[in-house]
Amino acid sequence: MGHGAGSALRLVVLAAACAAAGSALAGNSGSAGIDLRTEAADVDVGLPVYPGATPQVDDANDKSALGFSAWAGVFGFRLAVLKLASRDGVEPVAAFYRQALARYGTVLDCSPPRRAPSPPPAPAPADPNALRCDGDDKAPAGTRIFKAGTKRQFRQVSIQPVAGGTHFQLVSVNAAAD
């Protein structure tokens, strides 16, 4: 599925394991289930589609979207991924998504090499729910990775240059547990 998809796949596997554990915990007191779809839309990821972008697939067996949900008792997890392509360069696509992500809070630039958040946040006590750039944000030079939200509810956009334009992945993660 390209860069970003490996992280998305790891999230799906993790969510499935959590759902199985949650199902055991839910017992007879609640419902549990898993839903996997090979489709998703801009409303599922909570971000607009870049103007003129088209679905992006790597080969005949690939899909340009993924939707995954798992729930058990009070636990819930939702993941949506869209893979898109544009003939535009990285910078116009990056500017579009930095602006779109801003509605979810401070936009982190986790691109290699790491950049400071824009705008830089005021110094504050460490928040365990704060979203951060982490080890899963590895990408080749020239790739842009932006995130916004919290650890449990965030959006991520990965943008990579390709011959003739860019490929980019929009990811939405929503994990709830009480």
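The disulfide between cysteine 110 and cysteine 133 is left-handed, because the torsion about its S-S bond is about -85°. The two cysteines are 23 residues apart and link distant parts of the chain. Both cysteine 110 and cysteine 133 sit in the loop between β5 (108–109) and β6 (144–149). In this predicted model, their sulfur atoms are 2.0 Å apart. A search of the whole structure finds 1 disulfide. Such a bond is a covalent one between the sulfur atoms of two cysteines.

Cysteine 133 has 25% relative accessibility, so it counts as partly exposed. The cut-off for burial is under 20% relative accessible area.

The chain as a whole contains 3 helices and 8 strands. Along the sequence, these elements follow the pattern α-β-α-β-β-β-α-β-β-β-β. Of the 178 residues, 40% count as buried. The chain exposes about 9,400 Å². Carbon and sulfur atoms supply 58% of that area. Contacts between residues at least 6 apart in sequence were also examined. Among these contacts, 66% join residues at least 24 apart.

Strand β4 spans residues 75–86. Of its 12 residues, 11 are buried, so the strand is largely enclosed by the rest of the structure. Strand β4 pairs with β2, β3 and β8.

The pairing with strand β2 (residues 54–55) is antiparallel and comprises 2 bridges. Here, threonine 54 stands opposite alanine 85 of β4. Strand β3 (residues 65–72) also pairs with β4 in the antiparallel sense, over 8 bridges. In that pairing, glycine 67 stands opposite alanine 80 of β4. Strands β3 and β4 form a hairpin with 2 residues between the strands. Within this hairpin, glycine 73 takes a positive phi near 60°.

Strand β8 (residues 165–176) runs antiparallel to β4 and is joined to it by 11 bridges. Alanine 85 stands opposite histidine 167 of β8.

At 10% relative accessibility, serine 86 counts as buried. The side chain of serine 86 reaches the backbone nitrogen of aspartate 88 at 3.0 Å. Beyond its neighbours within four places in sequence, serine 86 is in contact with Tyr50, Val93, Gly164, Gly165, Thr166 and Phe168. Two of these, Gly165 and Thr166, fall in the residue range of β8 (165–176).

The side chain of aspartate 62 makes a polar contact with the side chain of lysine 83, at 2.4 Å.

Methods: Residues numbered from 1 in each chain as written. Predicted model: local features only at pLDDT ≥ 70, side-chain atom pairs only at ≥ 80, totals over all residues. Heavy atoms only, no water. Disulfide = S-S within 2.5 Å. Helix = DSSP H or I, 4+ residues; strand = E, 2+ residues; numbered from the N terminus. Buried < 20%, exposed > 50% of the residue type's maximum accessible area, 1.4 Å probe, protein only. Pairing = 2+ DSSP bridges. Polar contact = N/O pair within 3.5 Å; in protein donor to acceptor, adjacent residues only side chain to side chain. Contact = heavy atoms within 4.5 Å. Areas by Shrake-Rupley, 256 points an atom, 1.4 Å probe, with all protein chains shown as cover.
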